Amino acid sequence: MTQSFSVWAPNAQQVRVRVDGDDHVMRQTGGGWWAAEVGCSPQARYGYLLDEDPKPLPDPRSPRQPDGVHGLSQRFAVDPESWTDARWTGRQLAGGVLYELHIGTFTPEGTFAAAAAKLDHLVALGVTFVEVMPVNAYNGEWGWGYDGVDWYAVHEPYGGPGEFAKFVDACHGKGLAVCLDVVYNHLGPSGNYLNRFGPYLNPDATIWGPRVNLDGADSDEVRRYVIDNALRWFEEFHVDALRLDAVHALSDSTAIPILAELASAAEALSAKVGRPLSLIAESDLNDPKTTTPQASGGDGLAAQWDDDVHHAIHTAVSGERQGYYGDFGSLACLATTLERAFFHAGTYSSFRKRRHGRPIDPQTAPASRFVVYTCNHDQVGNRATGDRPSTYLTPGQLAIKAALVLLSPFTPMLFMGEEWGASTPFQFFSSHPEPEIAKATSQGRRSEFAEHGWSAEEVPDPQDPATFQRSKLDWSEISREPHERLLLCYRDLLALRAAHREFTDPRLTNVRTEHDEQARWFLLHRGRFTVAVNLAAHDVAVPASGEVVLAWGEPAIDGERATLPPHSFAVFLRPSSTT
């Protein structure tokens, strides 16, 4: 069978493709592209030889790396006949609930197949999107996935590309959409051969690695490389949404930013495939332009992560004030974020030592454009010991955080295991085979936290296999207390959100809050419902009344007031005549 091979190598004088051990000369086809037609099997192994270099390099668009990122590429395409999701029409992000998970630690086996076997748990929980941390190929057996170097390939220890397609198909069969985390702002330190082929990289670097050349010479093809990658996940793998890692680290001075190009390409493909295709940005900029429609001058993404809501809730509940938490913690801050999405909106950030962010217009910006959470992989894994809130908060405090996020006007996201207060940590782990990279990773991690007051001995070695093993969820916990009660609370909160339109109403103008800083109570009003929270370690009377439809603890109602037990919440439903 004849197969077509093509590669962009604008600086090469000669290119050959080695297919199953035989070399074939490639011809120039214009614009720096080279091509060849070769008789081979659909699963052939291959690599490209540039000029006189005898070492074959993996394809920059390699669909599979069966022997790791330094090995030969392998032809692969998802069999269109293998799909069973013909009736899947997708899900819009607005009104949805995301669940972030890491394939390697979600189950003991750490595979796509094992993760698929847990989908009934997610369905019963009430989530609608499964957000998978990066699965692109990276060096080593385990890691967070943000050091990927073969963006088009799928990490083999998880099961490879075929198993990923089966996982997506299984999710759709359960009514779950799939959001895939992708990294376009940098590449990992090992196995990155892109600059051997052409000017893929920018001379500048992020704190994680070299930037991608999005606006320099010959960047048009690099941008096409990024966009084609995104479209491949949507089209070939039937993914429903992409979470774009750290878009604030993208270096792009062009008139039409790469984010806007991606949004336009996704919208065009959505019209073709007949289902919503969503882009979600992780952004540190607090800039509403990211999710403002392009017709109104924005980039047009569906949503962006909102750390301010996390910080406001976490500090109000936990009392922590270190690092970037310094400006947060008051109930006034909590009220601002729940009513206006951003706390820093053109205001001074003591952590950054400058003004930060820009305000949104609550009249025109739907709250569903902001993804909020009690924790995520960063907010847990980037603590020195990777300790979850369950290790230093009471079950009632965990329930309060859940109620404020899940009954907020925003798009909520859970991090795997939080729904039962998992006791297992989620630590930073890696498995770089190169001794020099492994040493630098371990030393860098410990030095980073030493600067923030942590003892270096407390920081687990990311290269130690035990760090990875400790981070795996313990599924036996869900049938034991206090985990079982918290899981039931999460299920009830999500069921309440799904049952009443007040909780999925994205209009910030319909959100109202009250609080008492000294007494430590907080009220979130959502139409006929009031979410009342007692953040104190003693009983507190709050100005709330009505039918109690859900509670953590037993509130005592006396007329127009209710007394909430320590670290608890209650959801009150007022009669329609009083609204």
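The questions and answers below concern helix packing, aromatic pairs and backbone geometry in a predicted model.

Visitor: What kind of model is this, and which residues and atoms count?
Guide: Residues are numbered from 1 along each chain as its sequence is written, and side-chain values use heavy atoms, with hydrogens and water left out. The model is predicted, and totals for chains, interfaces and linings use all residues, whereas local features need pLDDT of at least 70 and side-chain atom pairs count only at pLDDT 80 or more.

Visitor: At what angle do helix α11 and helix α14 pack, and is the arrangement roughly parallel or roughly antiparallel?
Guide: Helices (H or I, at least four residues) and strands (E, at least two) are DSSP runs, numbered from the N terminus. Axes are lines fitted to C-alpha atoms, for helices over the stretch in contact, and angles run from 0 to 180 degrees between N-to-C directions. Helix α11 (residues 395-406) and helix α14 (residues 483-499) have axes 10 Å apart and pack at an angle of about 15°. Angles under 35 degrees count as roughly parallel, over 145 as roughly antiparallel, 65 to 115 as roughly perpendicular and the rest as oblique, so α11 is to α14 roughly parallel.

Visitor: Which residues of α11 and α14 meet, and how does the contact divide by class?
Guide: From α11 come P395, L398, A399, A402, A403 and L406, which meet L486, C489, Y490, L493, L494 and R497 of α14; contact means heavy atoms within 4.5 Å. Ala, Val, Leu, Ile, Met, Phe, Trp, Tyr, Cys and Pro count as nonpolar, Asp, Glu, Lys and Arg as charged, and the others, Gly among them, as polar. On that scheme the residues of the contact of α11 with α14 are 11 nonpolar, no polar and 1 charged.

Visitor: How is α8 oriented against α11, roughly parallel or roughly antiparallel?
Guide: Helix α8 (residues 307-318) packs with α11 at an angle of about 155°, the axes being 10 Å apart. I313, H314 and V317 in α8 meet Q397, I400, K401, L404 and V405 in α11, a contact with 5 nonpolar, 2 polar and 1 charged residues. The two helices, α8 and α11, are therefore roughly antiparallel.

Visitor: Which residues in helix α9 are buried, and what covers them?
Guide: Buried means under 20% relative accessible area, exposed over 50%, partly exposed in between (1.4 Å probe, protein chains only). In helix α9 (residues 331-340), L331, C333, L334, A335, T337 and L338 are buried. The cover over the buried residues of α9 includes α8, α11, β22 (511-516) and β23 (521-526).

Visitor: How many aromatic pairs are there, and what is the geometry of F415 and F426?
Guide: Rings of Phe, Tyr and Trp (its six-membered ring) pair if their centres lie within 6.5 Å; planes under 30 degrees apart count as stacked, over 60 as edge-to-face and the rest as tilted. A search of the whole structure gives 30 aromatic pairs. For F415 and F426 the centres are 5.2 Å apart and the planes 75°, which makes the pair edge-to-face.

Visitor: Where do F415 and F426 sit, and are they buried or exposed?
Guide: F415 is in strand β21 (residues 411-415) and F426 in the loop between β21 and α12 (435-450), 11 residues apart. F415 has a relative accessible area of 0%. F426, at a relative accessible area of 0%, is likewise buried.

Visitor: What kind of pair do W420 and W475 form?
Guide: W420 lies in the loop between β21 and α12, and W475 in the loop between α13 (465-470) and α14, 55 residues apart. Relative accessibility is 0% for W420 and 12% for W475. Their rings are 4.9 Å centre to centre with 50° between the planes, and the pair is tilted.

Visitor: Which peptide bond is cis?
Guide: Most residues other than glycine have a negative phi, and most peptide bonds are trans. P482 is found in the loop between α13 and α14. With omega at about 5°, a cis peptide bond joins E481 and P482.
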